[in-house]
Amino acid sequence: GLWDEWRNPETNELLKSCAMIIGEPNKFVAEVHDRMPVILERDQFEPWLTGQAGLELLRPAAEDLLNKHPVSKRVNSSRADGDDATLIEEIG
């Protein structure tokens, strides 16, 4: 993702903003969703950040990089407290 800090001109509050680059899912993620964040491997960080590499890095992650387990449907609620660690606990 991309991030930056900026100062709100109306309130003078320092804010952090971010954006994620979203792409096609790998087969593993495609079982549950039609897109996924692009995930760079550690050895790709420097080429990406220095501009030595480009769009060729924006491809689906390796199939064995991620894992998944069922979680509470509360994870989709805009009313859920984002600091609630139980949102991502595995359910039976």
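A polar contact is a pair of N or O atoms within 3.5 Å; within protein, one atom must be able to donate a hydrogen and the other to accept it, and residues adjacent in sequence count only if both atoms are side-chain atoms. The model is predicted: local features need pLDDT of at least 70 and side-chain atom pairs count only at pLDDT 80 or more, while totals for chains, interfaces and linings use all residues. Residues are numbered from 1 along each chain as its sequence is written, and side-chain values use heavy atoms, with hydrogens and water left out.

**View 1. Arg74 and its polar contact with Asp84.** The side chains of Arg74 and Asp84 are joined by a polar contact of 3.2 Å. Arg74 is placed in the segment after α2; helices (H or I, at least four residues) and strands (E, at least two) are DSSP runs, numbered from the N terminus. With residues up to four places away in sequence left out, Arg74 touches Ala80, Asp84, Thr86 and Leu87, where contact means heavy atoms within 4.5 Å. Between Arg74 and Thr86, 12 residues apart in sequence, the C-alpha to C-alpha distance is 9.4 Å. Arg74 counts as partly exposed because its relative accessibility is 39% (buried means under 20% relative accessible area, exposed over 50%, partly exposed in between; 1.4 Å probe, protein chains only).

**View 2. Ser72 and the backbone of Arg74.** Ser72 also lies in the segment after α2 (45-50). Its side chain reaches the backbone nitrogen of Arg74 at 3.0 Å. The relative accessible area of Ser72 is 17%, so Ser72 is buried. Leu87, Glu89 and Ile91 are touched by Ser72, not counting residues up to four places away in sequence.

**View 3. Asn8 in the loop between β1 and β2.** The loop that holds Asn8 runs between β1 (2-7) and β2 (14-19). A polar atom of the Asn8 side chain lies 2.7 Å from the backbone nitrogen of Glu10. For the backbone nitrogen of Thr11, the distance to a polar atom of the Asn8 side chain is 3.3 Å. Asn8 is buried because its relative accessible area is 17%. Apart from residues up to four places away in sequence, Asn8 touches Glu13 and Leu15.

**View 4. Leu40 in the loop between β4 and α2.** Leu40 sits in the loop between β4 (36-37) and α2. Not counting residues up to four places away in sequence, Leu40 touches Phe45, Trp48 and Leu57. Leu40 and Leu65 are 25 residues apart along the chain, and their C-alpha atoms are separated by 11 Å.

**View 5. The whole chain, for orientation.** The protein has two helices and four strands, and its elements run β-β-β-α-β-α from the N terminus on. The C-alpha trace spans about 45 × 40 × 20 Å along its principal axes. The radius of gyration is 17 Å, whereas a compact globule of 92 residues would have one near 12 Å; the radius is taken over C-alpha atoms, and the globule rule is 2.2 Å times the number of residues to the power 0.38. Of the 92 residues, 13% count as buried. Among contacts with a separation of 6 or more, 23% are accounted for by residues 24 or more positions apart.
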